[in-house]
Amino acid sequence: MNKISLLIVALFLVSLEGKSQHFDVGFGVGSGAAYLVEANDNAVDISYALPFSSYLDLKYTPAESYFGLKLRFQYLSAGIEGENWKNFNQPIDGDVSSLTTMLMLEHLKEDSTWNIGYQFGVGYTRQSFRQDLTDLSPVIESWYMSLAFSGLLSRKINDKFAVQLEPGLLWTDPVGSLRSSEQWQIAGEDLSVLVQLGVRYTLF
């Protein structure tokens, strides 16, 4: 999936005129609330620690285009405690981490010092769930589609640098969310709220 995403972006860039392009790189970190539906489900005994999130992205914007095309790598990690309701209520004291590769569309006006915008996209997530960190239980890996939407608040420092605040939602495995709740997985089909602070640098 990562190679396919990179190839799509590369072909898109080559197909456009070099004189009209703007190319940015961004990086940020943040936190929020992970797997909200499961964490607030009174029928299961599961709680998640405050998550850590980070991202790296590359954005291409043709001149006078309403949207920029962004390739983003989104990382999310959170501790998990409780009982494994999928496996005879075995105790859980582990963690969940994921890496999502996303293609996103971003709209951001940049005609003033403070600018507001939004972005949305679809991606492919690889998730690792370890039930017990103390005994180093085997890692359970999952792969699924994810959707993301976030607002943008950008503060330009100069012509090259900007600081950005991104409050948003990450919806993991939306297809699985449509199945019966009896088929849902731990840290699977769910919503996470992320607030991330980052910097953007315009390469050209």
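Which residue forms a salt bridge with Asp57, the closest N and O atoms being 2.6 Å apart? The partner is Arg72, where a salt bridge is a side-chain nitrogen of Lys or Arg within 4 Å of a carboxyl oxygen of Asp or Glu. The model is predicted, so local features need pLDDT of at least 70 and side-chain atom pairs count only at pLDDT 80 or more, while totals for chains, interfaces and linings use all residues. Residues are numbered from 1 along each chain as its sequence is written, and side-chain values use heavy atoms, with hydrogens and water left out.

Asp57 lies in strand β3 and Arg72 in strand β4, so this pair ties together parts that are 15 residues apart in sequence. Strands (E, at least two residues) and helices (H or I, at least four) are DSSP runs, numbered from the N terminus. Both Asp57 and Arg72 are buried; buried means under 20% relative accessible area, exposed over 50%, and partly exposed in between, with a 1.4 Å probe and protein chains only. Arg72 also meets the side chain of Glu166 in a salt bridge, at 2.9 Å from N to O. This second pair links distant parts of the chain, since Arg72 is in strand β4 and Glu166 is in strand β8, 94 residues apart. The relative accessible area is 3% for Arg72 and 1% for Glu166, and both residues are buried. Salt bridges that share partners join Asp24, Asp57, Lys59, Lys70, Arg72, Glu106 and Glu166 into one network.

Lys70, another member of that network, forms a salt bridge with Asp57, with the closest N and O atoms 3.6 Å apart. Here too the residues come from β3 and β4, and the pair therefore ties together parts that are 13 residues apart in sequence. Lys70 is buried, as is Asp57. By the distance rule given above, the count comes to eight salt bridges.

The strand pairing can be followed from β6 onward. Strand β6 (residues 114-130) and strand β7 (residues 139-156) run antiparallel and are joined by 17 bridges; two strands pair if DSSP finds at least two bridges between them. Within this pairing, Gly123 stands opposite Ser146 in β7. On to strand β8 (residues 161-172), β7 pairs in the antiparallel sense over nine bridges, and Ser154 stands opposite Gln164 in β8. β7 and β8 form a hairpin with four residues between them.

Turning to the nonpolar side chains, the largest nonpolar core has 18 residues, of which Tyr35, Tyr48, Ile80, Val96 and Ile186 touch the most other members. Such a core is a set of buried Ala, Val, Leu, Ile, Met, Phe, Trp, Tyr and Cys residues joined through side-chain atoms within 4.5 Å. β2 (46-48), β4 (68-84) and β5 (90-108) each supply at least two residues of this core, and the largest share, four residues, comes from β5. In soluble globular proteins, nonpolar side chains tend to be buried together.

Tyr35 belongs to this core and lies in the loop between β1 (21-33) and α2 (36-39). At 2% relative accessibility, Tyr35 counts as buried. Its phi is near 50°, a positive value in a residue other than glycine. Most residues other than glycine have a negative phi. Glu64, with phi near 65°, also has a positive value in a residue other than glycine. Glu64 lies in the loop between β3 (52-62) and β4, and at 87% relative accessibility Glu64 counts as exposed.

Leu178 is found in the loop between α3 (174-177) and β9 (190-202). Leu178 is exposed, with a relative accessible area of 74%. The C-alpha atoms of Leu178 and Glu189, 11 residues apart along the chain, are separated by 8.9 Å.

The largest pocket has a volume of about 400 Å³. On a 1 Å grid over the protein atoms alone, a pocket is an open set of points where a 1.4 Å probe fits, with protein on both sides within 12 Å along at least five of seven lines; lining residues have an atom within 4 Å of a point. Of the 21 residues that line this pocket, His22, Lys59, Thr61, Leu108 and Glu110 are the closest to its centre. β1, β3, β5 and β9 are the elements that give two or more residues to the lining. The lining divides into five nonpolar, seven polar and nine charged residues.

Notes: Points joined across faces, edges and corners; volume = space filled by probe spheres on them. Nonpolar A, V, L, I, M, F, W, Y, C, P; charged D, E, K, R; others polar.
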